[in-house]
Amino acid sequence: MSATSYQTLNKGELTQLLDIAREAIRGHFSSGLPKSPEYSLYGRKLLTPAACFVTLEVSGQLQGCLGSTAAHSPLVLEVHNKARASAYQDRRFMPLTEEQLNQLTIEISVLSTPEVINIGSEQELIDFLAQNKLGVILSDNHKQALFLPQVWKQLKSPTNFVKQLKLKAGWNAGYWSNSMTIKVFDVTSIKGKYY
């Protein structure tokens, strides 16, 4: 997988994205409509369409994580929209409350373009992942699941990583199909406290 398949962002640009996410969440609690990012404040790379995920944790526990694997709009707008969606529209969690903001951590992951890899079996995938700790998208028969590369911090074993990804998609742990599509990707990410 090519490390140059997407533009890398520097620390300053990533910090700007973190500020956009904070502002998007803060806007929900202020009076008036939340404002979209002002494009004139940002450089070319942040205005280029890019796919991203925004992950929220409260006291170290997942509170929301939404994103997309395809670029639909400028990155600054994607981060703004995904931050709001993660905070208030992730159906797995109750919407974020003002009381949780003191313990809130935000992580933004900007994705490279997912690349299909030709893998013939589950064992081949496990062997590949043992050498490449990437994000993975598994899809087959109208079901799909994605893990960001950060999931490797919790699921260190490639065997367990693949098993949990299959369970997330709604398959059983032993499921495998010759028509399984496997895509891999990398991310540039930043994590910071809300305050």
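Analyst: In this predicted model, a polar contact means a pair of N or O atoms within 3.5 Å, of which one must be able to donate a hydrogen and the other to accept it.

User: What makes the approach of the Gln 150 and Glu 107 side chains a polar contact?

Analyst: The side chains of Gln 150 and Glu 107 are joined at 3.2 Å, and the cut-off is 3.5 Å, so the pair qualifies. Gln 150 has a further polar contact of 2.7 Å with the side chain of Ser 109, which also falls within the 3.5 Å limit.

User: Where does Gln 150 lie, and why is Gln 150 called buried?

Analyst: Gln 150 belongs to the loop between S6 and H5. Its relative accessibility is 12%, and buried means under 20%, so the residue counts as buried. When neighbours within four places in sequence are left aside, the contacts of Gln 150 are Glu 107, Ser 109, Val 187 and Ser 189.

User: Why is the pair of Phe 147 and Phe 161 called edge-to-face?

Analyst: A pair of aromatic rings is described by the distance of the centres and the angle of the planes. For Phe 147 and Phe 161, the centres are 5.3 Å apart and the planes make an angle of 70°; the rule asks for centres within 6.5 Å and planes over 60 degrees apart, so the pair is edge-to-face. By this rule the count in the model is 5 aromatic pairs.

User: Are Tyr 194 and Tyr 195 buried or exposed?

Analyst: Tyr 194 has 3% relative accessibility and counts as buried, whereas Tyr 195, with a relative accessible area of 62%, is exposed; the limits are under 20% for buried and over 50% for exposed. These two residues form an edge-to-face pair, with 4.7 Å centre to centre and 80° between the planes.

User: How do you know that S5 and S7 are paired strands?

Analyst: Strand S5 (residues 135-140) and strand S7 (residues 181-185) run antiparallel and are joined by 5 bridges, whereas pairing asks for at least two, so they pair. Within them, Val 136 stands opposite Val 184, and Ile 137 stands opposite Lys 183. S4 and S7, also antiparallel, are joined by 2 bridges, and Glu 115 has Val 184 of S7 as its bridge partner.

User: Why are S4 and S6 called edge strands?

Analyst: The open sheet has 4 strands in the order S4-S7-S5-S6, with antiparallel pairing. Strand S4 (115-116) and S6 each have a single partner strand, so one side of each is left without a neighbour in the sheet.

Terms used: Residues numbered from 1 in each chain as written. Heavy atoms only, no water. Phe/Tyr/Trp six-rings, centres within 6.5 Å; stacked < 30°, edge-to-face > 60°. Buried < 20%, exposed > 50% of the residue type's maximum accessible area, 1.4 Å probe, protein only. Contact = heavy atoms within 4.5 Å.
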